[in-house]
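Here are my notes on the model you sent over.

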Amino acid sequence: MSIDIKTIKVEQRRNTFGHIARRLGGDKPASRYEEGTFDIQATANFHYKPLWDVDHWQYDEGRTQIRLKDWYVLRDPRQYYYANYTIARAAQSQANERAFDFVEKRNQLALLSPAWRETVSFYLLPLRHVEWGANMNCGNMCDRGYGTAVTAPCLFSAADHLAMAQILGRIGLALDGNTGTSLDAAKARWMEAGEWQDLRRLVEDSLVIEDWYEQMVAQNLCFDGLLYPLVYKLFDAEGQAHGATGLSMLTEFMSEWFAEHSRWVDSVIKITAAESGENKDLINGWLSKWSAAAAAALRPLAVRVLGNQKGAAAIDTVVADLKKRALTLGLTA
């Protein structure tokens with residue numbers, strides 16, 4: 001008996017899904033990002049408005065004052081959808097795990113000077129609670145936002161903030177020998193220390209912002225845009241003279257994340273502002289309001305860490321950098 005093995009080429013009848021083809025203007029091959037993002041959100045056939053917000057449908061453009069002809073213009077320049085996002089974060093998590101192993105094996109945190117060790121415990125560990133607030137804000141943006149192109153990255157950011165809160169908690173455990181006392185002290189400082197109360201008030205105020213796009217400007221552009229350069233660049237640079245090289249390794253994820261995250265935020269803000277003068281005016285107003293509030297809230301912490309003169313200069317530096325960034329986005333604030 002002989003067996004003939006033959007190959008048959010099967011021509012696919014379509015290159016992508018119908019709704020993607022309509023958006024692309026023809027039956028063209030689409031990327032995974034496009035197929036996992038475009039027109040995924042439901043737009044019709046809702047049965048009733050949610051009881052928790054009877055003035056809006058489940059997905060409703062009216063939950064923000066921002067107006068766009070097509071919300072799917074807010075594409076993520078990173079091209080993140082669930083699969084490649086999780087792959088990217090898994091690789092970063094492995095790198096972070098190796099950094100912890102390296103620092104712990106060589107006991108590098110013991111190189112911290114006693115004074116700076118106390119300073120680190122004061123300024124770094126309470127940021128767990130700031131990250132929790134950011135997680136809640138990004139989750140709300142995903143819930144109330146419109147269009148998968150913007151709501152999916154908001155959810156990814158929410159997960160990232162939770163991950164960074166966990167990294168900070170793990171640093172605290174590394175500092176106190178896994179007793180948890182440093183985290184208890186961090187919570188007490190968050191609740192009671194004078195230098196933290198303006199920032200705590202700012203986080204709590206941000207949780208109840210009604211307009212989800214205003215919340216995006218406040219959290220992703222203003223808060224993150226001032227906090228991350230201040231803490232993970234300027235505070236970190238000061239720590240190098242106090243034996244904090246190991247700590248820099250443990251917080252490298254935050255620095256890398258902020259650079260990547262800013263690409264998405266800048267793209268969303270720039271496209272939205274360019275759509276209309278009304279959008280631009282709204283974003284300028286929100287930027288002015290929340291950047292000023294964030295700078296004022298961070299100033300006591302900067303002074304506590306760096307001293308009066310250097311702390312004030314650090315705030316001026318990060319504010320100036322944010323202004324430059326805003327100008328590149330077509331804003332005037």
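1. Where is Gln 108 found? Keep in mind as you look that this is a predicted model. Gln 108 sits in the loop between α3 and α4. With a relative accessible area of 16%, Gln 108 is buried, the cut-off for that being under 20%. Leaving out residues up to four places away in sequence, Gln 108 touches Phe 102, Val 103, Gly 243, Gly 246 and Met 249.

2. While you're in that loop, have a look at the backbone of Asn 107. Asn 107 also lies in the loop between α3 and α4, and its phi is positive, about 50°, although Asn 107 is not a glycine. Most residues other than glycine have a negative phi. Asn 178 is another one to check: its phi is positive at about 65°, and Asn 178 is not a glycine either. You'll find Asn 178 in the loop between α6 (148-176) and α7. Is Asn 178 buried or exposed? Asn 178 is exposed, at a relative accessible area of 61%.

3. Now the overall picture. The C-alpha trace spans about 75 × 70 × 40 Å along its principal axes. Of the 333 residues, 48% count as buried. If you take contacts between residues at least 6 apart in sequence, 75% of them join residues at least 24 apart.

4. As for Ile 171, apart from neighbours within four places in sequence, Ile 171 is in contact with Phe 100, Leu 124, Leu 125, Leu 247, Leu 250 and Thr 251.

5. Helix α9 deserves a point of its own. The axes of α9 (residues 212-239) and α11 (residues 252-275) come within 10 Å and cross at roughly 145°, and the crossing is left-handed. On the α9 side, the residues making the contact include Tyr 213, Met 216, Tyr 228 and Tyr 232; on the α11 side, Trp 257, Phe 258, Trp 264 and Ile 269 are among them. By type, the residues of this contact divide into 14 nonpolar, 5 polar and 1 charged.

6. Salt bridges next. Side chains of opposite charge can pair when their charged atoms come close. How many salt bridges does the structure hold? There are 18. One of them pairs Arg 144 with Asp 53, the closest N and O atoms being 3.9 Å apart; the cut-off is 4 Å. Arg 144 is in helix α5 (residues 127-144) and Asp 53 is in the loop between α2 (32-35) and α3 (82-105), so this pair ties together parts that are 91 residues apart in sequence. Asp 53 counts as buried, at 12% relative accessibility.

7. Another salt bridge joins the side chains of Arg 189 and Glu 118, at 2.3 Å from N to O. Because Arg 189 lies in helix α7 (residues 181-192) and Glu 118 in helix α4 (residues 114-123), the pair ties together parts that are 71 residues apart in sequence. Arg 189 is buried, at 17%, whereas Glu 118 is partly exposed, at 40%.

8. A local pair, for contrast, is Glu 204 with Arg 200, whose side chains meet in a salt bridge at 3.2 Å, N to O. Glu 204 and Arg 200 are 4 residues apart in helix α8 (residues 194-206), so about one helical turn separates them. Glu 204 is partly exposed at 42%, while Arg 200 is buried at 17%. Elsewhere, salt bridges that share partners join Asp 76, Arg 78, Arg 89, Asp 160 and Glu 260 into one network.

9. Last, a residue back in α7. Thr 181 lies in that helix and is partly exposed, at 48% relative accessibility. Thr 181 and Tyr 82 are 99 residues apart in sequence, and 37 Å lie between their C-alpha atoms.

How values were computed
Residues numbered from 1 in each chain as written. Predicted model: local features only at pLDDT ≥ 70, side-chain atom pairs only at ≥ 80, totals over all residues. Heavy atoms only, no water. Helix = DSSP H or I, 4+ residues; strand = E, 2+ residues; numbered from the N terminus. Buried < 20%, exposed > 50% of the residue type's maximum accessible area, 1.4 Å probe, protein only. Axes fitted to C-alpha atoms, helices over the stretch in contact; angles between N-to-C directions. Left-handed = near helix turned anticlockwise from the far one by under 90°. Contact = heavy atoms within 4.5 Å. Nonpolar A, V, L, I, M, F, W, Y, C, P; charged D, E, K, R; others polar.
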